[in-house]
Amino acid sequence: MFKQKSLFYKMVVSIMLLLVPVVIVYTYSNIVSERVVREEIDTRNMNRLDVSMNRLEADLWQVSQFLVALSIDSDTNRLRNIDLLSPYDSIELQGDIQEKLLLYQQLSTFLVDVTIFFPDGERQLSTMMKSPERPETLSPSWTYIADGKGNDSDRPYFVQHVKDSITHHNENQAVIVEARIYIEAFQHHLNDLALANDGYSFLYHPHHELIKPVGTNHEFPLDYNFSLQLNYEERGTERFTLGQDDYTLSYISSTSLDWVLVDLVPLEDVLSPIATTRTWFYATGLVLLLLGVAAAWLLNTQLLQPIGTLKDAILHFKRGHYYTRMAVPHQKEFAIAMSGFNDMADQIQTLIEEVYEEKIRSQQATLKLLQAQIDPHFLYNCLFYIKNMAKINNTDAVEAMALHLGDYFRYRTEVEKEETTVEEELKLVNNFLAIHSLRKRDLSYSMNLPDELLKQPIPPLLIQPIVENAIVHGIADVEERAEIRIDGVVLEEGWQISVEDNGQAVSAETVTRIHKLLESQEEATNHYGLRNVHQRMRNRFGAKSGVVVNYSKLGGLNVTLLCKGDKADQKGE
């Protein structure tokens, strides 16, 4: 199947087969490279989150440890009995504790406010400008206080409470130490993380708003309805698609805050060099493919098509289409060859036409000679029959024979007539058969042809030689009653006329030999009448027409004149 395709098709397929393995190998390499880069990004982000979370946990632990240390400090314990101290000692004690609070506030890495609530519930020491009220519910771990109800500050914060261990079971008599870490502290921490990886870092809790960094130049891509499915894992990495952009999302949970530190890195910026390289590769491959197809097309139009045109012209000329000519192209390589072919075709066609015309003249001369010839035995037998009938005074037989013989020879001697009709030819056949039926009383004949066929133009002496062949070679030796039947039928693409006799049966070898004789180009020594009719049918009606010999249902031969093809309905040549 592939061998039957054109060279242009084969070249295009070959180019594509060369490019496909390269594209497959590059695509696989690109996928592997991208996967390795993604894994490297995930590993790097998790390492960075680990460092950031460890630092955050360390800072929170430091604040928690300061609260514990402050709760067991001796000065803090003295606050439980501050009412027993003198006013001076009381003021001095509060001053020392206030100094410690301010000192820690300055040394802490967080923006933190520390407050100590006295056991009486009315007094407190705080680093805040406005001292908060004593909390009703203590938060032993870091708890997020959002804006709104329950927040006595103007901003969200995380709070943790520690009370002294001595009055552990009686909160009303305990000294409570409170630390507040404001959201700005975490936002600055997130700023440092976002600047380090050029991504988006934030703290996530399913029941609170996101804590996002401030002061960065990047527009935060997530809204407040963002939800993260952690699947009860403390850390992990997920692929996240937002709109048309892909992100890698890494997260790690904070054991102190019960929040999740999330890092969102856009993959487009990281993978853009790989994507650009991939785009350039595919674009280059496409350009190479188009150039290859263009080269194949150019080779096909400039070389293969002219060769194909030349080959087709030669094949057409070989089949007998001598009128075939080629348009001379502009290419010098083929202009000379095609122009030479046209000149050669002109010369050959001229020679063929001259030979063909000479052959036609020769055939016409032969036909006229055949028409002018009179079988002496046939004429002698007819005259002898007239003499015998005259001796016995059978004037009707004499008159019939004379009339039929006169009409017969009148038609045979019209040598200038080049075309007749089936109806006129059947009149000749009827006279011919009538003459033989007078001489041979046991001969019967019938003619059954449609009216449409009777008007069909044919060359003269086309049916009579077939009938004569049936009488001479078919029924001559029949001892019983001889029979000749002439039938005709109109076909879709022509017509046919059959002449059958009930003569002796012939062998298959004889039928085959007659067919070979009809198609032979050698000079015929017998059956000259059949071969002459066959060649005239071919010349007049085309290559599909001619004489067909077969077995007859009557017992002898069935000789059919078959007219089939484009020339079947033409009125003349």
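Two strands count as paired if DSSP finds at least two bridges between them. Helices (H or I, at least four residues) and strands (E, at least two) are DSSP runs, numbered from the N terminus. The model is predicted: local features need pLDDT of at least 70, side-chain atom pairs count only at pLDDT 80 or more, and totals for chains, interfaces and linings use all residues. Residues are numbered from 1 along each chain as its sequence is written, and side-chain values use heavy atoms, with hydrogens and water left out.

The protein chain holds 13 helices and 16 strands. Of its 573 residues, 40% are buried, that is, under 20% relative accessible area with a 1.4 Å probe, protein chains only (exposed is over 50%, partly exposed in between). Contact means heavy atoms within 4.5 Å. Among contacts between residues at least 6 apart in sequence, 62% join residues at least 24 apart.

Five strands form an open sheet in the order S2-S1-S5-S4-S3, with antiparallel pairing. Strand S2 (124–126) and strand S3 (143–145) stand at the edges with a single partner strand each, so one side of each has no neighbour in the sheet. On average, neighbouring strands of this sheet are turned by 25 degrees against each other, direction ignored. Axes here are lines fitted to C-alpha atoms, for helices over the stretch in contact; angles run from 0 to 180 degrees between N-to-C directions.

Within the sheet, strand S4 (residues 157–163) and strand S5 (residues 176–182) run antiparallel and are joined by seven bridges. Val 162 stands opposite Val 177 in S5. Helix H3 (residues 87–107) lies across strand S1 (112–117) and S2. H3 runs at about 160 degrees to S1.

Asp 75 belongs to helix H2 (residues 74–78). Asp 75 counts as buried because its relative accessibility is 14%. Its side chain makes a polar contact with the side chain of Lys 100, at 3.0 Å. A polar contact is a pair of N or O atoms within 3.5 Å; within protein, one must be able to donate a hydrogen and the other to accept it, and residues adjacent in sequence count only if both atoms are side-chain atoms. Neighbours within four places in sequence aside, Asp 75 is in contact with Leu 93, Asp 96, Ile 97 and Lys 100.

Helix H5 (residues 267–318) bends by about 45 degrees at Pro 273. The bend is the angle between axes fitted to the seven residues ending there and the seven starting there. Buried residues of H5 include Leu 267, Ile 274 and Phe 317. Just after H5, Gly 320 has a positive phi of about 105 degrees.
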